[in-house]
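Please open the structure in the viewer and keep the selection panel at hand.

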Amino acid sequence: MITRSDSQSHIPPVPAWQQALARAYTRPEALLKALGLEQTLCAAAHEGMQQFPFRVPRGFAARMRRGDPEDPLLRQVLPGAAEAQTRPGYVNDPVGDLPRMATPGLIHKYHGRALLIATGACAIHCRYCFRRHFPYAEAGLSARQLERAMAWLDADPSIREIILSGGDPLSLTDQRLTSLVEQLQKISHLRRLRLHSRSAITLPERITPELLALLEAWRGPVVLVVHVNHANELDNSVAAAMTALRRAGVTLLNQSVLLHGINDSVPALAELSESLADHGIQPYYLHLLDPVAGAAHFDVSEERARELMFQLRQCLPGYLVPTLAREIQGEPAKRVIGP
Ligand SMILES: *Cc1c(COP(=O)(O)O)cnc(C)c1O
Ligand code: SF4
């Protein structure tokens, strides 16, 4: 006879991060209520959600200020009516990813490194996301597509670094990531493993002992590029996750997007760099907004961006000033705009 406990003992427990993800806010009404904000913002939010759904982990929402509709974390994730507006030059594939697919899901733009769209899923949905219209269903990785990507990587010894991106590669389970990284490990010319992940910040529970062991097992340098736009995103839960990653030998870098009304001031950018340093994270890129349809209201002009960088240089050590960059289709590297 199979008892209840017998039958359950074969089911692995659902990791805490997956439970947290399942509890994420997916309705603006619930988030606004938790923040003590007017439900009148909901109509605009629903208009904005038509192109790109709403999703915010509760732990990230807990870092927002209650009662402040202008909170810099809330503004990154709350949909608005402005997303439905079109503006010339703002398009669905602003950085030309689709024509640069070496195989479905594998983007090769720059010498020596290739970027794998490991999954289309993200723990959070940022309204300015340059991949908000990306056809993940077609470009994600089926088993067969993964096989093709591996064969392509294996055949090109000029590729020294594999970048796992998405979506967010840490949306994959530890089991799937392990299988992916083990396959990559077999390609001996891949020296560096890089991950681009915002989940490490928005869902720090994701940094599990299994993940740390997987990263430690890689043969060479491991780099995690996180994505933080405002100092308020960094709390004690993030600090613990970053400490664990550094102890596992992972180099931590940050990329931000310069966003109107969120971090486009000298105090906000200076405090972001200072706080990243406190968390052992090196500022890497500050990206000018990619002109993706629905995000024009976040744009900061290049002239204003240069002025901000000029002033930032005067209040931070050089190594805490990120590189201001813009991606221009067809160029052999991201274009450095400053400092
Ligand atoms: C941004 C990007 C990279 C990484 O560029 P780095 O300058 O090395 O950080 C690699 N591949 C693709 C497709 C990219 O968009
Ligand atoms: S975490 Fe990154 S990929 Fe995901 S929605 Fe935000 S910006 Fe886009």
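For the residue classes used on this tour, Ala, Val, Leu, Ile, Met, Phe, Trp, Tyr, Cys and Pro count as nonpolar, Asp, Glu, Lys and Arg as charged, and the others, Gly among them, as polar. The model on display is a predicted one.

**Ligand 2 and its shell**

Select ligand 2 first, then the residues surrounding it: Cys-122, Ile-124, His-125, Cys-126, Cys-129, Gly-167, Arg-198 and His-227. Coloured by class, this shell shows four nonpolar residues, three polar residues and one charged residue.

**The largest pocket**

By class, the lining of the largest pocket divides into 22 nonpolar, 11 polar and 12 charged residues.

**The largest cavity**

The structure holds two cavities of 30 Å³ or more. The largest cavity contains about 70 Å³ of space. To outline the largest cavity, select Asn-254, Ser-256, Leu-269, Leu-272, Ser-273, Leu-276, Pro-283, Tyr-285, Leu-286, Leu-312 and Pro-322, which form its lining. Two or more lining residues come from each of β7 (251-257), α13 (266-278) and β8 (282-287). Which element provides the largest share of this lining? Helix α13 does, with four residues. The lining of the largest cavity comprises eight nonpolar and three polar residues, and no charged ones.

**The second largest cavity**

The next selection is Leu-170, Leu-195, Ile-207, Leu-211, Leu-215, Val-222, Leu-224, Leu-245 and Val-250, the residues that line the second largest cavity. The elements giving two or more residues to this lining are α11 (209-216) and β6 (222-227). The volume of the second largest cavity is about 40 Å³. By class, its lining has nine nonpolar residues, with no polar and no charged residues.

**Cysteines**

Select the cysteines next. A disulfide is a covalent bond between the sulfur atoms of two cysteines. How many disulfides does a search of the whole structure find? The search finds zero. Cys-42, for instance, takes part in no disulfide, and the nearest cysteine sulfur, that of Cys-126, is 20 Å away. Is Cys-42 buried or exposed? Cys-42 counts as buried because its relative accessibility is 7%, and the limit for buried is under 20%. Cys-315, by contrast, counts as partly exposed, because its relative accessibility is 39%.

**Ala-16**

For the last stop, select Ala-16, which lies in helix α2 (residues 16-22). With a relative accessibility of 52%, Ala-16 counts as exposed, since exposed means over 50%. Finally, select the C-alpha atoms of Ala-16 and Asp-71: these two residues are 55 residues apart along the chain, and their C-alpha atoms are separated by 27 Å.

Methods. Residues numbered from 1 in each chain as written. Chains lettered and ligands numbered in written order. Predicted model: local features only at pLDDT ≥ 70, side-chain atom pairs only at ≥ 80, totals over all residues. Heavy atoms only, no water. Near = heavy atom within 4 Å. Disulfide = S-S within 2.5 Å. Buried < 20%, exposed > 50% of the residue type's maximum accessible area, 1.4 Å probe, protein only. 1 Å grid on protein atoms, 1.4 Å probe; cavity = no way out; pocket = protein on both sides within 12 Å on 5 of 7 lines; lining within 4 Å. Points joined across faces, edges and corners; volume = space filled by probe spheres on them.
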